[in-house]
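Please load the structure in your viewer and keep the sequence panel open beside it. The tour below moves from one selection to the next.

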Amino acid sequence: MVHCRDMIRAIRACKTAAEERAVVRKESAAIRAAVSENDQDYSHRNLAKLMFIHMLGYPTHFGQMECLKLIASAGFPEKRIGYLGLMLLLDERQEVLMLVTNSLKQDLNHSNQYIVGLALCALGNICSAEMARDLAPEVERLLQFRDPNIRKKAALCSIRIIRKVPELAENFTSRAAALLSEKHHGVLITGVQLCTDLCKVSTEALEYFRKYTEGLVKTLKDVGNSSYSPEYDIAGITDPFLHIRLLRLLRVLGQGDIDASDCMNDILAQVATKTESNKNAGNAILYECVETIMSIEDNGGLRVLAINILGRFLSNRDNNIRYVALNMLMKAITVDAQAVQRHRATILECVKDSDASIRKRALDLVFLLVNDNNVKSLTKELIEYLEVSEQEFKGDLTAKICSIVEKFSPEKIWYIDQMLKVLSEAGNLVKDEVWHALIVVISNASDLHGYTVRSLYRAFQKSGEQESLVRVAVWCIGEYGEMLVNNVQMLDIEEPMTVTEFDAVDVIEIVIKRHSSDITTRAMSLIALLKLSSRFPSCSHPAEEDVKSNSQVTRPLQKISKEPDPSIISGSSRDLGGSSRVVGAEDGHHLGCTQSPGDGLLALHRKVIKKKRKRQKKNQLWAVRRRNQKLWKREISIEGDLQPPNQPTPVEGLHHLISPALRLSPSLEIPFEVHVEWVGDEFSDMLNKKVYAEAHPPSQSLGSLIGGPKFPRACSSGAFFPPIRA
Amino acid sequence: MIRFIMLQNRQGKTRLAKYYIPLEESEKHKVEYEVHRLVVNRDPKFTNFVEFRTHKVIYRRYAGLFFSICVDITDNELAYLECIHLFVEILDHFFSNVCELDLVFNFHKVYLILDEFILAGELQETSKKAIVERMGELEKQEL
């Protein structure tokens, strides 16, 4: 029978996985044979081999009964390997474990204390709830054993028992309290842990242990003041683990109780001020101390002390310490926001750190720190950092800046400025809701329209590759183009700028022609062009050329018209030529869309033009009625007296094509507008033919077409409508 | 509470894995793989704490071995970092200049040491001397 060592050597010598599997298989077979023959001599060795095979990841179920047999044997070495195998190969959920209960019970009462130790160890690591219930009395008894090693094992075993069966907590309370006055560090630390867990599990225990607060404070003082002990010394501090555990128990006891909290004020102050913080051990104690101070009942002086410690941690070079400090500060904010504000500068520095987890924590913290007073300076800093930050971080940073700006902006002009900066820097990373909201704000800030469109024009020159910025810019130029050109609403802070109409149209042209512009941007640019073509009469011909020029425009147009893309809205509040624009939406073949609810840009436009609906509707009705009266030809151009009052003269050169479907409208109550305004002749012809053909299918009476699916109803908002399919 | 302790080398081989929570075999392998992936790629300048599922893993690299401890979210990370270091010191003392091979060939002893150091997911003894003495006594019992 091969020795365990030799087997390990053989496995390590294998060059390939297949070789290793072969060796393992051979050994497993040998072990299985030995197990079935009930071979006692080598069972010890076999189990060791089995455990190694298990560690490599191979199945070892056949070894479980071996473990039980070994545990039941008399000698210490067999028991030892048996328990080890048990802990490795089994866990509490397996039924086989129940069979061990009897052996455990016997071993817990064994005369050899090492065997008792083995049993306690196994119990503490893997016992199930039933076993816990069965063996709890034994463990209780062992809490008072003469040997400290057994006492400490029993204490930890009890922790597991009460975690599994919380109802048994009261049995352990009094004996656990006795452990608190131990001198042996091992027993003391395990006793403290047991008490902490008891307090968590049962409120009676918590009340019971509050009486011991003073005793604990004294113990902590003694440990802190004790002389050098080589056994427990770590970095100049005697047993930092004990410090930490005691602080934790004090925290549990002091929470919610003023007397207990008062009791521990002095010692907490002492620990906070006297602990050295140049080594990790000291910092660990300080960290625990700060946590305790933050959780117990209020004591102003202590809190300030704690936050100062955190501030010191923040400037530590060690990343671990800074991470821990940032974590703590996030909790501290709920307790004392003022004090944390003082460390704002350091926290901002942490946002720029090279470690990703520190940056993330710092950013979350900054977000919690923002209030009305510091929002401007904080945002300024964050935006400056945005310019130099790494790509992976930019997304997070942008999102946070946008939410800060949205929540706290004191005035609209500042909001617009900051958003423009963010879009110029990281427009591609900005979510749709953000730039939609920006457009809403811009349109509502009526006195800032001129300023906004000019700033956007400038921004476009500098950072034209940021998609969201381009979209907002294009929209604004479309809406407020004449303000841009005529320098309307100049604010004092602005420099004068001359922009001709051609420049403005150029901008949009560039966007359309750019390969990197996506469908939404192009659609918005087209709409902007439409709007501008009425406002800038001198540009309308070039604009026409633009739109006419096939490949770049009509192809995307046709593509757009095939896509049910709700973001394409041909109309806006400012009418081109004075009548509303509604394009008949025969699905896919017109410039149209299927309306999907809740779509961003559609909803946005609705909001924007809601105010003007009434006026428009009135004008529309008027215009339609007049037109309908004259409509018996195929093509009509709107001229002169067809204009509704108060509307600007339509631009010459624009062809207004009204589809024959309008002829149907007199019999309907709702004005029926299905006309396409287009500047390109070929396109309008094509469209017109289609519309005409559909409007006049052979031998179909007009009446049967009423309410039919093909002709959408007009809406004063000028938005697209879905084809009403029956 | 400690949920598990793991010792892994750079290649991902697990040299020691002690679980204080019940897990299926397949889950254990998955966890080992995930922890290894998390820990092996981290820059040494970064913090020693990583978030792992709903807990956190505190790890430290000693030569070619990664010592990882998975604890609850509310635990004191710096304390567990000290804990790892103490464990390594104990191993070093026991094996006299410990290396990975010692841990491979004497894995049952390593488990014994661990069982004297941590029990039921909590710290059992903080004195290096006490643990090494205890191991000596246990060895004597074996004979």
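**From the interface to a strand**

Begin by selecting chain B together with chain A, between which there are 23 residue pairs in polar contact, both residues at pLDDT 80 or more (N or O atoms within 3.5 Å; within protein, one must be able to donate a hydrogen and the other to accept it, and residues adjacent in sequence count only if both atoms are side-chain atoms). On the side of chain B that touches chain A, α5(B) gives the largest share, nine residues, where helices are DSSP runs of H or I with at least four residues and strands are runs of E with at least two, numbered from the N terminus.

This is a predicted model, in which local features need pLDDT of at least 70 and side-chain atom pairs count only at pLDDT 80 or more, while totals for chains, interfaces and linings use all residues. Residues are numbered from 1 along each chain as its sequence is written, chains are lettered from A and ligands numbered from 1 in the order in which they are written, and side-chain values use heavy atoms, with hydrogens and water left out.

Next, pick Glu24(B) and Arg93(A), whose side chains meet in a salt bridge at 3.6 Å, N to O (a side-chain nitrogen of Lys or Arg within 4 Å of a carboxyl oxygen of Asp or Glu); the count between the two chains is nine salt bridges.

Then select strand β4 (residues 55-62) of chain B, which is largely enclosed by the rest of the structure because six of its eight residues are buried (under 20% relative accessible area, 1.4 Å probe, protein chains only). β4(B) pairs with strand β3 (residues 49-52) of chain B in the antiparallel sense over four bridges (pairing requires at least two DSSP bridges), and His55(B) is the bridge partner of Phe52(B).

Conventions. Buried means under 20% relative accessible area, exposed over 50%, partly exposed in between (1.4 Å probe, protein chains only).
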